[in-house]
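Try each task first, then follow the solution step by step.

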Amino acid sequence: AAKPKTLKELQREMEREMARQDVTIVRLGDASIASPFTCRQTSIFPTTKIVQQGRCTLVTMMQIFKIQALSCLTLAYCLSALYLDGVKLGDQQLMLSGVFSAILFLLLSHAKPLDTLAPNRPPSTICCLYMTLTVAGQFGLHMNLLFSAIALARPHLKAAWVCSPESELSVSNKADGIPAPPS
């Protein structure tokens with residue numbers, strides 16, 4: 001049976017393999033991922049700019065995740081509440097909601113970093129207590145407003161808007177959520 005290699009033998013073997021490979025050396029001034037850290041200036045200004053850009057990106061992405069989570073939760077409630085009342089949303093209404101969300105995300109993508117670094121670091125993950133509590137708090141506020149809005153709108157619901165879950169929507173009335181007349 002072959003004797004297992006010792007740690008020293010494995011290390012020597014790796015060193016010989018690395019010596020055989022062609023190593024690319026990044027020279028000062030070359031464009032690379034490390035280029036901001038190889039700046040010829042004597043200050044740490046480029047490094048702080050990278051940290052500012054990274055924090056801006058992180059906070060923007062967290063905000064997008066929060067908006068997406070709230071949008072999904074509130075839309076799910078709205079659709080189920082309307083369905084229980086017999087109202088169906090049309091394709092154009094749902095498309096308009098999606099386009100509005102996309103425009104919000106586009107506007108958020110133009111965020112700029114602060115001029116100075118904040119003393120507190122942003123959360124490093126979206127699965128943290130801060131993110132969970134803020135989404136839960138905002139969802140609670142949204143639900144309270146949705147309960148109130150539905151309670152205020154229910155007396156004004158017209159019978160022509162109500163349809164059974166199995167009914168088809170007519171082409172002319174899809175945007176209004178009005179069912180097709182029985183044939």
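**Exercise 1. Find how many aromatic pairs the model holds, and describe the geometry.**

Step 1. Set the rule: rings of Phe, Tyr and Trp (its six-membered ring) pair if their centres lie within 6.5 Å, and planes under 30 degrees apart count as stacked, over 60 as edge-to-face and the rest as tilted. With this rule, the count is one aromatic pair.

Step 2. The partners are Y77 and F147, edge-to-face, with 5.4 Å centre to centre and 90° between the planes.

Step 3. Y77 belongs to helix 2 (residues 45-84) and F147 to helix 4 (residues 129-153), so the pair ties together parts that are 70 residues apart in sequence.

Step 4. Check the cover, where buried means under 20% relative accessible area, exposed over 50% and partly exposed in between (1.4 Å probe, protein chains only). F147 has a relative accessible area of 45%, which makes this residue partly exposed.

A note on the ground rules: this is a predicted model, in which local features need pLDDT of at least 70 and side-chain atom pairs count only at pLDDT 80 or more, while totals for chains, interfaces and linings use all residues. Residues are numbered from 1 along each chain as its sequence is written, and side-chain values use heavy atoms, with hydrogens and water left out.

**Exercise 2. Locate the salt bridge and state how exposed its partners are.**

Step 1. Look for a side-chain nitrogen of Lys or Arg within 4 Å of a carboxyl oxygen of Asp or Glu. Searching the whole structure gives one salt bridge.

Step 2. K5 and E13 are joined by their side chains, at 2.6 Å from N to O.

Step 3. K5 is partly exposed at 49% relative accessibility, and E13 is partly exposed at 36%.

Terms used: Helices (H or I, at least four residues) and strands (E, at least two) are DSSP runs, numbered from the N terminus.
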